[in-house]
Amino acid sequence: MKKILNDPQNYVDEMLDGLVAAHPEIYAKPAHRIIVRSGEKTKGKVGIVTGGGSGHLPVFTGYVGKGLLDGCAIGNVFASPSADQMAETIRAVDAGAGVLCLYGNYGGDVMNFDMAAEMVSFEDDIRTASHAVSDDVASAPRGEMEKRRGVAGMIYAFKIAGAAAERMADLDEVARLARKASDNVVSMGMAMTPCIIPQLGKPSSVIGDDEMEMGMGIHGEPGTWRGPIKPADEILDEMFDTLQADRPLGKGDRVSVLVNSLGATPHEELYILYRRLAGRLSEIGVDVVMPLVGRYATSMEMTGASLSILRLDEELEDLLAAPANCAFWRV
């Protein structure tokens, strides 16, 4: 294992210490493995929290910031934080208007956030709402949305909900807009290498030097097929065609797209993919708003990429363009 670290058991905690030290104007750490916005809370503003395993930075922790999230509970690499951590995060961000729990659709996160919501309701009289984003089309068919994983598309839900909360919308409205964003985004990924969990010290799976895997999940979950590496245009075409079959776009539609590195893939290769994507969208008369190309949701040092497409209407586009500021994304 080649990694820049000290003791693998301290990997997450030392990372969080460094994040807060580098960006004290954005992040604060009020308790163990809890990150919140730096500064005073805005009284009467809905809080938005997320949570999940480490190893995906900027997701989940990095999107705490103005116009985005208010807090995040952090687990070990690829492991859910506890219900107690989540409950403490909810308490830390509550400003009297309730808290939205917004996270990826993974069993541990769903179960622990449900428990945390019950805890703060009973013990602190804090009202919560919850939504699990499920945008990964490779993980389950269209008719089984509840089985789909939440991947890079959840960033759009963070942004839309965060903008609404910043405008002092109430909890029901912030939750509605988070669900609307989630319902209108689809994603698909591919990988050429696995990743290494520091505590394990070995790859999470095996992909041959001349192979790729289409549809692999961000924890190394099996994809839809594994075979020889394809040229960039063919990779993009397969991802785009799969998303089109799931949620068709047509002439006059407006979208935001995210071409995302899963960790090791350089920007140059992402822009090769975006070049093809821009051409495909232009062919069918779809307009692109605020394209995102870069590292937005990773899987440690995995070489691979994902494509997310958010269909916009006037309401979503307005909120997407609203100001936001964190260490990894500024609008």
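**Helix packing and ring pairs**

Modeller: Happy to! α2 passes α3 in a right-handed crossing, meaning that the near helix is turned clockwise from the far one by less than a right angle. This is a predicted model, where local features need pLDDT of at least 70, side-chain atom pairs count only at pLDDT 80 or more, and totals for chains, interfaces and linings use all residues. Residues are numbered from 1 along each chain as its sequence is written, and side-chain values use heavy atoms, leaving out hydrogens and water.

Biologist: At what angle do helix α2 and helix α3 pack?

Modeller: Helices here are DSSP runs (H or I, at least four residues) and strands likewise (E, at least two), numbered from the N terminus. α2 covers residues 83-93 and α3 residues 107-124, and their axes are 8 Å apart. The angle between the axes is about 50°.

Biologist: Which class of pair do the rings of Tyr 63 and Phe 158 form?

Modeller: Rings of Phe, Tyr and Trp (its six-membered ring) pair if their centres lie within 6.5 Å; planes under 30 degrees apart are stacked, over 60 edge-to-face, the rest tilted. Here the centres are 6.2 Å apart and the planes at 50°, so the pair is tilted.

Biologist: Is Trp 329 buried or exposed?

Modeller: Trp 329 pairs with Tyr 296, with ring planes at 90°, so that pair is edge-to-face. Buried means under 20% relative accessible area, exposed over 50%, partly exposed in between (1.4 Å probe, protein chains only). Tyr 296 has 11% and is buried. With a relative accessible area of 6%, Trp 329 is buried.

Methods. Axes fitted to C-alpha atoms, helices over the stretch in contact; angles between N-to-C directions.
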